[in-house]
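Here is a briefing on one protein chain. Please look over the sequence and the model before reading on.

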Amino acid sequence: MTHPDESIQMLSVQPDTKPKGCAGCNRKIKDRYLLKALDKYWHEDCLKCACCDCRLGEVGSTLYTKANLILCRRDYLRLFGVTGNCAACSKLIPAFEMVMRAKENVYHLDCFACQLCNQRFCVGDKFFLKNNMILCQTDYEEGLMKEGYAPQVR
């Protein structure tokens, strides 16, 4: 069973419908709400991550399955996600960690800064990738001027 990404639906149980059987515990679902995932019905307490035991209906609308395990996103990525190395510090980036990307380079959030002056970037800041180095606008333009390519100001 390999469904990397499956949706979870929360459904209201209609009072006049026959109770459905839970895929987790095999008992009838008599609760007000039930979850539908993997084409089966579940009690809210029965649809849990096999690793961390979190209730999947509470952590989002997606679950992951692989190797007969039902997992939350974080555990799926931790177990089966692709890891890589940070382009700035060369240390391992776990698959579940948030990252910044610039072309084919991947960075820890804390490493995504100008590699000359260490200025951290905020949302909307311009950055430049030159010779595989992240540069702020000031350092990029200074480098251009040293090379004889002064940017044109309009």
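Strands β9 and β10 make a hairpin, with two residues between them. In its turn, lysine 103 has a positive phi of about 55 degrees. The model is predicted: local features need pLDDT of at least 70, side-chain atom pairs count only at pLDDT 80 or more, and totals for chains, interfaces and linings use all residues. Residues are numbered from 1 along each chain as its sequence is written, and side-chain values use heavy atoms, with hydrogens and water left out.

- Strand β9 covers residues 99-102 and strand β10 residues 105-108. Helices (H or I, at least four residues) and strands (E, at least two) are DSSP runs, numbered from the N terminus.
- The two strands run antiparallel and are joined by four bridges. Strands count as paired if DSSP finds at least two bridges between them.
- Valine 99 faces histidine 108 of β10 across the pairing.

**Confidence**

- Mean pLDDT for the protein is 85. This score is the predictor's confidence in each residue, from 0 to 100.
- A value of 70 or more is reached by 93% of the residues.
- Strand β1 (residues 3-7) has the lowest confidence, at a mean of 68. Strand β4 (residues 40-42) has the highest, at 92.
- Where pLDDT is low, predicted coordinates should not be read in detail.

**Annotated domains**

- The unreviewed UniProt entry carries the annotation "domain: LIM zinc-binding" for residues 20-82 and 84-146. UniProt positions follow the numbering used here, feature names are shortened, and annotations may be inferred rather than shown by experiment.
- Residues 20-82 are 19% helix and 25% strand, and the end C-alpha atoms lie 38 Å apart.
- Residues 84-146 are 16% helix and 32% strand, with 34 Å between the end C-alpha atoms.

**The β2-β3-β4 sheet**

- Three strands form an open sheet in the order β2-β3-β4, with antiparallel pairing.
- The edge strands are β2 (9-12) and β4, and each pairs on one side only.
- Neighbouring strands of this sheet are turned by 35 degrees against each other on average, direction ignored. Axes are lines fitted to C-alpha atoms, for helices over the stretch in contact, and angles run from 0 to 180 degrees between N-to-C directions.
- Antiparallel strands β3 and β4 are joined by three bridges. Leucine 35 has tryptophan 42 in β4 as its bridge partner.

**Nonpolar cores**

- The largest nonpolar core has 20 residues. Such a core is a set of buried Ala, Val, Leu, Ile, Met, Phe, Trp, Tyr and Cys residues joined through side-chain atoms within 4.5 Å.
- Ile8, Trp42, Leu47, Leu56, Leu63 and Ile70 have the most contacts inside this core.
- At least two of its residues come from each of β3 (33-37), β5 (62-66), β6 (69-71) and α2 (73-80). The largest share, three residues, comes from β3.
- A second, separate core has 10 residues, including Ile93, Ala102, Tyr107 and Ile134.

**Salt bridges**

- The structure holds four salt bridges. Each is a side-chain nitrogen of Lys or Arg within 4 Å of a carboxyl oxygen of Asp or Glu.
- Glutamate 44 and arginine 55 meet at 3.9 Å, N to O. Both lie in the loop between β4 and α1 (56-59), so the pair ties together parts 11 residues apart in sequence.
- Relative accessible area is 22% for glutamate 44 and 25% for arginine 55. Both residues are partly exposed. The classes are buried (under 20% relative accessible area), exposed (over 50%) and partly exposed (in between), with a 1.4 Å probe and protein chains only.
- Aspartate 45 also bridges to arginine 55, with the closest N and O atoms 2.3 Å apart. This pair lies in the loop between β4 and α1, so it ties together parts 10 residues apart in sequence. Aspartate 45 is partly exposed, at 45%.
- Arginine 120 pairs with aspartate 110, the closest N and O atoms being 3.8 Å apart. Both sit in the loop between β10 and β11 (127-130), so the pair ties together parts 10 residues apart in sequence.
- Arginine 120 is partly exposed at 44%, whereas aspartate 110 is exposed at 61%.
- Shared partners join Glu44, Asp45, Arg55 and Glu58 into one salt-bridge network.

**Aspartate 75**

- Aspartate 75 is in helix α2 and is buried, at 6% relative accessibility.
- The C-alpha atoms of aspartate 75 and alanine 95 are 9.6 Å apart, with 20 residues separating the two along the chain.
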